[in-house]
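These are notes for a colleague going through the model below. The points start with a sheet and then move to the chain contact, helix pairs and local backbone features.

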Amino acid sequence: MDTKIRSILIGALGGEGGGVLMDWIVHCARMHGLAVQATSVPGVAQRTGSTSYYIEMAEKIAGAPDPVFALIPMPGRVDFVGTSELVEAARLMERGLVSPRRTVLVSSTSRFFTTAEKMEMGDGRFDSQRVIAAGKELAKTFVTLDLEKIARETGTMVSATLFGALAGVGAFPWDRATCEAAIGGGRSAGASRAGFNAAYDGVTRQLAAPASDSLPNSKSAVADFDKNVGRAGEGVAQSGDTVDTRNGSRSREIARPPTPTLPHKGGGGLTVDFTDLPTEARDLATLGLARCIDYQDRAYADLFTQRIQSLAKSAPASPERDHALAEAARRLALWMTYEDIARVADLKTRPERFAKIRAEAEMRDDQILNVVEYLKPGADELAAVLPAGLGAWFLRRVEKKGSPGMLGRPAFIATTSLHGFAMMRLLAQFRRIRRSSLRYKHEQAAIERWLAAMSAALAASPAYAAALAELPRLLKGYGETQARGLRNYNAIFESRVAPAVAAKDFSGAAGLRKAIAAALADPEAVALDAELRAAAE
Amino acid sequence: MERSFATEIESLKLGEGEIFHGEGILAVTKALLQSGVSYVGGYQGAPVSHLLDVMVQAKDYMSELGVNVVACTNEASAAAMLGASIMYPARGAVTWKSIVGTNVAADALSNLASPGVKGGCLIVVGEDYGDGASVIQERTHAYAMKSALWLMDPRPNLPTIVRCVEKSFELSEASHTPVMMELRIRACHVQGEFVAKDNVKPAVSTLNKAAAAPHDYATLAHPPVTFGHEVAKYAARMPAARRFIVGHGLNEKIDGRHGEVGIIVQGGITNALIRALQEIGLADAQGRSDLPMLVLNVVYPLCPDEIVGFCAGKKAVLVVEESQPEYIEHEISSILRRADVNTALHGKDMLPMAGEYTSEVLVSGLAKFIDKEIPRLGNSGAKAYAEEIAELRSKALIALGGPPPARPPSFCIGCPERPFFSALKLVEKEEGRFHVSSDIGCHAFGTFAPFSFGNSILGFGMSLASSAGVQGFADKRPIAIMGDGGFWHNGLLSGVTARLLNKSDGLLVIMKNGYTSATGTQDLVSTPHPEFKRTAGGDSTTDTEMTIEGTLKGLGVKWLKSVHTYKVSEMRDTLKEAMTTSFDGLKVIVAEGECQLERQRRMKPLRAAALAAGERVVRTRYGVDDETCTGDHSCIRLSGCPTLTVKTSSDPLKSDPVAHVTNGCVGCGLCGEAAHAATLCPSFYRAEIISNPSGFDRFKARLRRIFVKAA
């Protein structure tokens with residue numbers, strides 16, 4: 001007589017308590033009188049790296065030898081797969097360990113980004129939606145929920161919530177009470193049990209919901225997938241946060257912004273009408289307008305409006321033009337509200353900032369918060385906010401005689417102290433003379449140049465304009481990062497855009513996009529240099 | 001030590017008939033005690049660390065039994081310990097990670113194997129091969145053959161492993177030869193059960209002392225007796241071993257109805273083979289196979305009679321032997337040829353030379369064997385299986401739009417070694433590329449993104465030695481990085497003293513975190529004193545322990561600087577100075593900062609107690625202002641901290657994700673330090689969260705609330 005062996009594979013990250021989860025399962029199986037074997041490849045050093053745990057169990061048959069258990073999961077032959085993180089589910093699918101014929105897959109929607117994803121200069125995040133789509137296609141049943149969030153809310157580890165999720169999808173041939181008993185009575189057992197129960201209930205609720213999806217091989221649980229992923233970012237983000245759609249297609253779906261709420265300065269009675277703009281551009285322009293008021297004043301916002309309106313008039317509506325216009329609105333808004341000392345000091349002293357810090361640190365009301373800023377203002381940054389003439393003189397002097405001692409040194413400013421707060425507010429006052437500042441002059445000149453090129457491109461080739469609209473994406477950061485971005489921007493503008501404008505030949509959209517991508521490929525401009533050199537030859 | 005084995009120690013005490021539940025490597029520990037072992041030693045390393053760790057922690061129980069437990073400083077020192085069994089009836093066991101540990105131990109092993117032993121000797125090696133392995137992929141088998149040591153490779157279930165441990169001692173004594181047992185990673189970590197026996201108090205022990213053995217020149221690995229040893233190995237010891245192996249039925253024969261063929265398999269991969277046979281319908285879940293099998297729990301030496309007996313009359317056999325080269329297959333080939341048995345022999349012609357033998361790999365090899373030698377079994381389903389899995393993978397890849405990003409292990413949150421690599425990255429930015437000799441240990445994570453440092457790894461503690469040749473022609477001074485673990489394991493002698501002897505130039509960085517952290521924070525000779533740790537609470541204590549500095553000074557190192565790793569700017573400047581100074585000779589930078597696993601473990605209970613007692617407690621964490629971060633991620637490229645991550649900006653205008661510090665932050669401060677040192681960005685802030693604030697705290701808070709809203 002043959003025995004049915006039940007196989008369970010757990011994908012997790014080192015340090016998440018996967019070993020504890022494995023022990024709970026083994027303990028339950030023993031209590032339940034099953035033959036069981038479990039193994040893992042932790043290696044003592046596999047800290048924060050991908051790791052997996054594999055368990056097999058079967059009924060014991062009187063008189064027959066115990067079943068022979070395997071130590072390594074066999075592709076296509078795993079009954080239950082549970083993962084504590086979404087890309088770990090992708091990894092197991094990639095290895096063929098999830099099969100539509102037999103595998104029930106339950107995964108957390110939470111992401112713990114890998115270094116490779118995080119270190120990209122643009123957006124290197126792996127597309128969560130693709131993992132969801134793959135799960136729908138490859139698993140017999142696919143259930144997702146944010147196990148990390150549940151763990152956070154119940155004060156436990158993801159091992160406990162994953163235990164609940166696996167129990168909820170029926171991975172174990174024993175009841176819920178057996179699982180709860182296995183968690184035991186230690187100091188953290190209460191929280192573990194709460195996490196277990198919340199995940200268990202979350203999963204069973206999903207499975208009980210009527211199927212609203214016509215996908216084959218998948219049960220009701222899929223109905224909630226998209227909603228869940230949307231929710232994944234909720235813990236940290238505000239309204240307007242969107243489902244991450246990145247990589248491959250760069251089409252970004254921006255959430256419809258609410259009517260911009262105008263912060264503490266600027267002024268009410270905002271009635272600028274962007275109705276002649278296409279929807280996407282209108283939404284972004286509305287945001288940009290509010291941003292400019294918040295940044296400087298109403299007149300500055302008018303300048304923004306005028307610039308956008310003028311771009312819109314450069315070409316008749318078409319899907320390509322509309323897309324280019326939207327992107328231009330986004331980039332123009334960000335560019336016009338570049339971060340100088342005054343802006344940073346202003347943002348760092350707003351009440352909502354402290355409220356956000358308290359929330360992020362999960363502080364209770366009876367706890368006191370001190371905030372210390374890590375600043376290192378350099379000569380460039382000071383010159384940037386000085387009146388243009390003075391700033392230029394100052395930079396010349398620095399070049400000859402070196403930077404004054406207090407600049408370029410690490411400064412720790414306690415914004416929550418009276419002294420520090422006052423100093424930051426003082427710095428924020430540079431906003432008043434921003435229009436006469438050195439950097440303002442430089443930025444506005446560059447913006448005008450870009451706008452002129454945009455205008456010409458929109459009329460001739462909306463595709464080129466769409467690429468050109470992306471170019472200011474390179475302008476970001478502070479200090480060396482900013483210098484690098486500017487260098488790359490100028491290199492591309494001079495070698496690609498300026499000649500195109502002069503020759504009125506806007507056929508090189510693809511080349512321009514390639515150059516932008518190259519600039520974002522590495523911080524040392526290796527790829528960009530190669531790209532520009534190749535194009536020049 | 002990172003882990004507490006309080007529960008496991010209790011299971012070591014189980015008696016006759018009781019059920020042991022637990023990990024494979026701890027079952028080995030229990031089996032050693034059941035075998036009456038006198039002394040145990042070893043050097044830590046996954047996957048065998050737990051064997052020794054549990055014994056070190058079970059000090060009281062070990063002294064009760066009279067077992068002498070020694071934490072050795074490297075594998076050579078562990079292997080040399082077995083010398084006690086050459087002339088005394090003392091059973092001894094040592095353990096280490098192989099192949100690397102066996103390489104280090106090789107000299108002592110040769111010298112042990114030559115005279116042979118009186119008391120049983122067992123060397124438990126963690127065969128770090130295949131998925132999850134962290135070392136070069138080679139076989140311990142070669143050492144068994146070249147030194148004439150016997151090698152066990154038991155089936156990976158606890159009863160077999162335990163039986164093989166017990167039988168190893170008997171085999172060792174019956175044949176006067178040390179025995180090795182190889183256990184693969186998953187077998188070491190396998191959770192299972194076996195019926196325990198009483199522990200046996202050793203014949204000679206710390207409680208039952210022995211008089212010094214008489215001088216017997218024959219027990220020395222020294223000429224001329226070595227010539228006699230060589231003869232004895234093959235004339236006496238090996239035949240005795242074969243008699244024992246056959247006599248005690250250490251290898252298992254599984255009958256099957258298709259007797260015209262057969263499979264010879266290493267014990268350690270039998271389960272994978274059975275699963276593969278099951279897939280193609282030739283075995284059941286209990287392991288009853290249709291193809292006869294000879295399972296070799298002892299893979300060296302083979303017993304010719306057993307092999308011939310199994311093969312004779314068969315049309316063909318398949319040798320399932322993982323890793324390369326195919327020593328067993330070669331030996332079987334010789335045995336069959338000599339016995340004039342003309343059974344066709346297959347193995348590496350049908351199975352891959354390299355890589356782990358998973359069930360999937362075995363299915364495809366079995367299919368080839370069946371097709372060629374027993375085609376009447378017809379379409380076994382192997383082809384269908386291969387197609388099914390290939391399709392699954394291709395579907396996954398298409399749906400995912402490409403392979404998911406790799407996730408190698410990395411420095412822990414708050415690790416003091418990460419800031420060193422941030423500093424090194426800043427040096428590289430200013431000075432250009434330079435040669436970096438890497439080493440084994442946590443700091444090897446510096447070879448991964450975002451740091452990507454390292455031009456070579458030549459073994460544990462070998463970094464300085466490995467830069468000696470480069471030193472001669474490198475245009476910039478090469479840097480050798482090693483941990484304090486590597487320094488004591490080997491680096492001091494092979495690296496430091498060699499430079500001093502040659503009075504040559506060089507730059508060594510010693511990562512002094514106080515423990516061999518990668519293997520589970522075992523103690524070193526330079527581990528901070530418990531008293532320092534007690535008074536330091538949650539602070540780093542490595543600045544109080546000067547054994548490394550004292551040793552270097554004593555040897556005559558003139559250029560020596562200690563820098564706390566979290567001082568990123570100071571570390572960068574010190575590195576630059578060391579790289580450019582005209583001082584000709586060895587320069588050593590001790591990059592100190594205590595392993596945060598140990599530090600956090602001390603801090604957590606202290607903090608919890610203080611909070612419970614209503615005392616004022618300050619928690620520090622770092623953060624990034626979403627509004628001012630522009631999403632370039634330079635900070636991440638300089639840090640790689642798991643809690644410094646990215647998130648979708650709350651600003652719908654920003655399309656690139658912004659940096660974000662999660663609440664897992666332990667407040668180490670590297671991100672702020674790096675932002676300062678590299679002049680990155682003003683977005684970083686430090687938040688100090690005061691629980692149970694004092695009256696003065698509250699007064700200040702009230703006062704400032706007038707100005708600073710919501711803080």
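1. In chain B, strand 10 (residues 261-266) and strand 13 (residues 316-320) pair in the parallel sense over five bridges; two strands pair if DSSP finds at least two bridges between them. B:V265 has B:V320 of strand 13 of chain B as its bridge partner. Helices (H or I, at least four residues) and strands (E, at least two) are DSSP runs, numbered from the N terminus.

2. This is a predicted model, in which local features need pLDDT of at least 70, side-chain atom pairs count only at pLDDT 80 or more, and totals for chains, interfaces and linings use all residues. Residues are numbered from 1 along each chain as its sequence is written, and chains are lettered from A and ligands numbered from 1 in the order in which they are written.

3. The order 9-11-10-13-14 in chain B describes an open sheet of five strands with mixed pairing. Strand 9 (252-254) and strand 14 (344-346) of chain B are at the edges with a single partner strand each, so one side of each has no neighbour in the sheet. From one strand to the next, the twist averages 20°. Helix 14 (residues 327-338) of chain B packs on the sheet and touches strand 10, strand 13 and strand 14 of chain B; its direction makes about 175° with that of strand 14 of chain B. Axes are lines fitted to C-alpha atoms, for helices over the stretch in contact, and angles run from 0 to 180 degrees between N-to-C directions.

4. The contact between the chains takes 102 residues from chain B and 116 residues from chain A (contact: C-beta atoms, placed from the backbone, within 7 Å). On the side of chain B that touches chain A, helix 16 (residues 382-400) of chain B gives the most, with nine residues. That side of chain B has 47 nonpolar, 33 polar and 22 charged residues. Ala, Val, Leu, Ile, Met, Phe, Trp, Tyr, Cys and Pro count as nonpolar, Asp, Glu, Lys and Arg as charged, and the others, Gly among them, as polar.

5. Strand pairing also runs between the chains: strand 7 (residues 368-375) of chain A and strand 26 (residues 684-691) of chain B pair in the antiparallel sense over six bridges. Opposite A:N370 stands B:E688 in strand 26 of chain B.

6. Helix 11 (residues 298-313) and helix 12 (residues 319-336) of chain A pack at about 155°, with their axes 11 Å apart. Helix 11 of chain A is therefore roughly antiparallel to helix 12 of chain A (angles over 145 degrees count as roughly antiparallel). A:F304, A:R307, A:I308, A:L311 and A:A312 in helix 11 of chain A meet residues of helix 12 of chain A including A:L325, A:L332 and A:M336.

7. Helix 7 (residues 176-183) and helix 8 (residues 189-208) of chain A pack at an angle of about 155°, and their axes are 9 Å apart. Helix 7 of chain A is thus roughly antiparallel to helix 8 of chain A.

8. Two cis peptide bonds deserve a look. One joins B:A46 and B:P47, with omega about 5°; B:P47 is in the loop between strand 2 (39-42) and helix 3 (49-57) of chain B. Another joins B:Y300 and B:P301, with omega about 0°.

Definitions and conventions: Angles under 35 degrees count as roughly parallel, over 145 as roughly antiparallel, 65 to 115 as roughly perpendicular and the rest as oblique. Two residues are in contact if their C-beta atoms, placed from the backbone, lie within 7 Å.
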